[in-house]
There are 2 protein chains.
Amino acid sequence: MKQCYLLLVLGLPGMAVANEPIQPVEKVTVSSPEKVELGKMLFFEPRLSKSNAISCNSCHNLATGGVDNQVSSLGHKWQEGPINSPTVLNASLNFVQFWDGRAKDLKEQAAGPIANPLEMAFTHQLAVETLQTMAEYRTRFNTIYGKRDFGIDEVTDAIAAFEETLVTPNAPFDRWLKGDTKALTAQQLNGYKLFKEKGCVACHNGVAIGGNSYQKMGLIKPFATQNKAEGRGAVTGEQQLIGWFKVPTLRNIELTAPYFHDGSVWDLKQAVTIMADIQLGQTLTEQESDDMTAYLKSLTGDQPQIVLPILPPSSPTTPKPEVKS
Amino acid sequence: MKQCYLLLVLGLPGMAVANEPIQPVEKVTVSSPEKVELGKMLFFEPRLSKSNAISCNSCHNLATGGVDNQVSSLGHKWQEGPINSPTVLNASLNFVQFWDGRAKDLKEQAAGPIANPLEMAFTHQLAVETLQTMAEYRTRFNTIYGKRDFGIDEVTDAIAAFEETLVTPNAPFDRWLKGDTKALTAQQLNGYKLFKEKGCVACHNGVAIGGNSYQKMGLIKPFATQNKAEGRGAVTGEQQLIGWFKVPTLRNIELTAPYFHDGSVWDLKQAVTIMADIQLGQTLTEQESDDMTAYLKSLTGDQPQIVLPILPPSSPTTPKPEVKS
């Protein structure tokens with residue numbers, strides 16, 4: 001018992017300080033660095049878009065918390081998307097992908113934007129054919145998948161492998177969970193207490209502090225929005241799930257404004273106040289909102305250190321960008 | 001003499017093999033790493049644009065040879081620019097900046113796109129005010145420039161400091177210049193011989209293999225183009241300089257298609273053939289074009305290893321993106 005206590009005080013990795021409803025996120029062990037490197041290239045590859053101007057990183061910018069800080073993303077020909085882009089950071093921890101959960105995992109998700117006419121506006125076939133015109137890609141896919149004639153399955157598999165590495169460990173709150181009692185300020189600690197007492201933690205729990213359930217947006221009071229997204233109900237055809245969305249992760253929330261699926265709120269404290277009101281029927285005092293906002297800022301972890309990949313040059317047979325059509 | 005010969009054989013850095021009209025590019029010694037780091041942040045900072053969606057790196061992508069591989073860049077509201085974006089790699093070696101030389105150096109250049117309505121579509125004042133809403137920027141500028149109330153001068157100074165590091169040493173041709181006789185293939189060596197004999201080297205010489213003079217595009221025969229750019233003449237008002245442009249660097253040319261100021265030619269061999277024809281009045285054989293193209297591919301150097309910067313979150317007072325106006 002004394003030994004265990006000492007370990008806690010020392011804050012050794014993997015040791016939880018107590019039986020909390022939230023768990024620290026841990027570094028990922030990479031089993032296939034070659035695949036992750038290829039996935040990184042593809043994540044930054046603008047030639048996966050019809051215009052050759054949009055990559056995964058355009059909307060999930062790893063310099064800015066894995067998002068683009070737009071109400072909704074700008075896609076092909078500057079078209080605005082129908083919903084706020086969720087962060088790619090810690091996305092591997094989501095139980096499903098997209099706000100409406102229409103993709104079961106990162107691999108399936110990665111296929112979506114490439115072929116979405118509002119986003120990268122390409123087709124899977126053209127994207128793959130484009131990559132296949134470059135010798136370096138053929139070699140890399142061959143090394144990893146044993147085939148030079150790779151398809152969209154291998155492309156999205158590699159992207160997913162890279163995305164799985166994009167976790168953000170070592171947030172102040174994680175350090176606190178692991179026993180570093182000085183990692184949070186008194187205000188942040190009080191914010192966390194409120195976060196649990198008010199009921200936020202009912203949906204925002206687990207390693208991702210969210211990302212593991214659907215919930216109705218506007219559970220207690222209606223959520224006023226111009227956004228037309230119908231959420232889970234549009235996927236399953238169940239009327240009662242219209243307006244239900246995947247509960248987003250709160251990790252790195254300080255970096256990922258604007259908030260909610262409609263990107264309507266830019267201020268984190270305002271988002272906290274609205275959530276308490278419409279999801280829990282609670283009116284927070286200014287102090288409570290401040291404390292909980294301070295707590296949420298303790299969820300910013302170490303951002304992935306990304307060395308920008310060097311992409312292979314196009315070959316004479318690589319299709320040219322189409323920016324006007 | 002024997003000693004000198006040995007040094008050449010060993011290919012020690014800084015030793016030129018002979019009196020060639022082209023010199024190797026050398027690594028840059030960074031005197032102010034803090035300033036370079038800040039400049040890197042600003043280079044990747046989309047909040048320098050009105051839409052918060054366009055950064056320097058959008059058009060000068062360091063994953064793809066410092067260009068966007070577009071005929072002309074896509075700017076605010078998907079507007080197409082008037083001219084092909086030149087590479088930022090080795091741009092510090094250019095005697096002036098932009099195709100028409102209207103900026104005297106990198107600092108002056110960096111100010112252009114921010115305020116260009118076709119590009120980032122912001123104003124210098126709004127860009128600076130945006131940065132000043134973020135505590136991290138104020139601290140960093142204060143540390144480097146001794147003022148928290150920095151202006152566009154400091155912003156562009158930092159960007160230029162970063163850009164000065166973006167050189168690409170160690171190209172096969174540089175290694176050959178330094179005495180590594182095996183660095184070029186026989187074909188490449190023959191291509192270089194032709195490059196000199198045919199007269200390409202009259203304009204493409206020096207460390208940047210270009211970038212140190214203006215020349216008329218279509219010197220011997222007219223250059224057929226739909227592009228309306230008038231080049232140097234539009235800057236100076238001299239009728240005789242209409243159609244004159246800065247001779248571009250040929251370093252990393254394999255990565256920077258499409259070619260010419262109008263971005264009209266995607267194939268490097270075709271670009272070589274056209275240049276020989278309209279600038280020098282020479283009709284190249286297939287073999288000659290192939291050899292010179294092979295030589296040009298020996299000019300691809302070590303690409304800068306860029307760790308993606310982590311940008312500070314916006315504050316409640318940071319102006320919001322404007323994507324529609």
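**The interface between chain B and chain A**

About 3000 Å² is buried between chain B and chain A, and carbon and sulfur atoms give 68% of that area. Buried area here is the accessible area, taken with a 1.4 Å probe, that two parts lose on being put together, summed over both. Of the area that chain B buries against chain A, B:Ala63, B:Trp78 and B:Leu308 supply 23%, more than any other three residues.

A word on the source. This is a predicted model, where local features need pLDDT of at least 70 and side-chain atom pairs count only at pLDDT 80 or more, while totals for chains, interfaces and linings use all residues. Residues are numbered from 1 along each chain as its sequence is written, chains are lettered from A in the order in which they are written, and side-chain values use heavy atoms, without hydrogens and water.

Next, the contacts. In chain B, 38 residues are in contact with 38 residues of chain A, contact being heavy atoms within 4.5 Å. How many salt bridges cross the interface? The rule, a side-chain nitrogen of Lys or Arg within 4 Å of a carboxyl oxygen of Asp or Glu, finds two between chain B and chain A. B:Glu80 and A:Lys324 meet in a salt bridge through their side chains, at 3.7 Å from N to O.
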